[in-house]
Amino acid sequence: MTMAPRLVEVRQNILKQNDIVARALRSRFDETGVRVVSMVSSPGAGKTALLERMLTELHTRYRVAALVGDLATENDAARLARSGAAVRQITTGTICHLEAAMVQHALDGWALDQLDFLFIENVGNLVCPASYDLGEHLRCVMVSVTEGEDKPLKYPTIFNTADIAVITKIDLAGAVEFNRDAMERNIQAVRPGMRTVAVSAKTGEGIGELVTLL
Amino acid sequence: MHELSVALSLVELATEEGDRLGGRVCAVHVKIGQLAGVAKEALAFSYEIACQDTPIAGSQLVIEESDGRELELIALEIES
């Protein structure tokens, strides 16, 4: 006689494996004293340009390194390496986001206790990275002045998982008639109390302020 | 959108739990929040593919929707 199937409660996060690895990474980062900052944005918002500028400026005062994720090419890593900082590329193939295991693997052989800052530039994507903790201490969501002031309203989840919002390409604000107040309002609507800073990787505006927030 | 990635993680988790509990997994119950960034239909489609050649191949995926950010394996239906 066949018995009816029994229903057994499990109640586990499907992505718990990622969470486990991320938590272990965070502990490791805490133990070795390295401050880890991740950056997420749409493709083309200026993550690499900003990171290049920051690595160049910080490199003289701190020990900095970066991991950059892309589906293909090592272009970003090569560009960032010009700053003099240690940089590694993570090529994901078809995967649209970085996961904790990829970060863990990419850090192989790096002495984290010899670093003050580690930057992780995620794949350009405002949707999927929201689901994957990378073990970072601070997550920056970046949105450029050319993307529309309602961007935060369109992507509430990623803004909710981030700690600070960085408005990029502020030097272009005039040319695109960027409404800073509207952008700020929309950011606050989605994540009340979120700290924001406007920067230009080109002119250097706001970089100093951003560094103090890290 | 990365439902196949999520489906693969789900299959791995369900297989592990199924092993631990013993018996054949005939259905997998999940809860998907609106803000989880995962589309129900795409997940269902990916699930079939992800199950292939695994101990839980042929199992049914039952999706419960919610308002939050959940992406949870709620329960397994096991035939002893």
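The conversation below takes up the interface and the sheets.

Author: This is a predicted model, in which local features need pLDDT of at least 70 and side-chain atom pairs count only at pLDDT 80 or more, while totals for chains, interfaces and linings use all residues. Residues are numbered from 1 along each chain as its sequence is written, chains are lettered from A and ligands numbered from 1 in the order in which they are written, and side-chain values use heavy atoms, with hydrogens and water left out.

Reader: How do you know how many residues of chain A are in contact with chain B?

Author: Contact means heavy atoms within 4.5 Å. By that rule, 21 residues of chain A are in contact with 26 residues of chain B. The area buried between the two chains is about 2200 Å², where buried area is the accessible area (1.4 Å probe) that two parts lose on being put together, summed over both. Carbon and sulfur atoms give 58% of this area.

Reader: Why is the pair Glu72(B) and Arg11(A) called a salt bridge?

Author: A salt bridge requires a side-chain nitrogen of Lys or Arg within 4 Å of a carboxyl oxygen of Asp or Glu. The closest N and O atoms of Glu72(B) and Arg11(A) are 3.6 Å apart, so the pair meets the definition. The count between chain A and chain B is one salt bridge.

Reader: Which parts of chain A each supply at least two residues of the side that touches chain B?

Author: They are strand S1 (6-13) and helix H6 (156-161) of chain A. Helices (H or I, at least four residues) and strands (E, at least two) are DSSP runs, numbered from the N terminus. The largest share of this side, eight residues, comes from S1(A).

Reader: What makes S1(A) and strand S3 of chain B a pair?

Author: Two strands pair if DSSP finds at least two bridges between them. Six bridges join S1(A) to S3(B) (residues 71-79), so the two strands pair, and they run antiparallel. Within this pairing, Glu72(B) is the bridge partner of Asn13(A).

Reader: Why is S1 of chain A called an edge strand?

Author: The open sheet of four strands has the order S1(A)-S3(B)-S1(B)-S2(B), with mixed pairing. S1 of chain A and strand S2 (60-66) of chain B are the edge strands, since each pairs on one side only. Further along the order, seven bridges join S1(B) (residues 24-33) to S2(B), and these strands run parallel. One of the partners in S2(B) is Val62(B), which bridges to His29(B).

Reader: What is the order of the sheet of seven strands in chain A?

Author: The open sheet runs S4-S3-S5-S2-S6-S7-S8, with parallel pairing. Its edge strands are S4 (86-91) and S8 (195-198) of chain A.

Reader: How do you know that S3 and S5 of chain A pair?

Author: Five bridges join S3(A) (residues 64-70) to S5(A) (residues 117-121), which meets the requirement of at least two. In S5(A), Phe119(A) is the bridge partner of Ala66(A).
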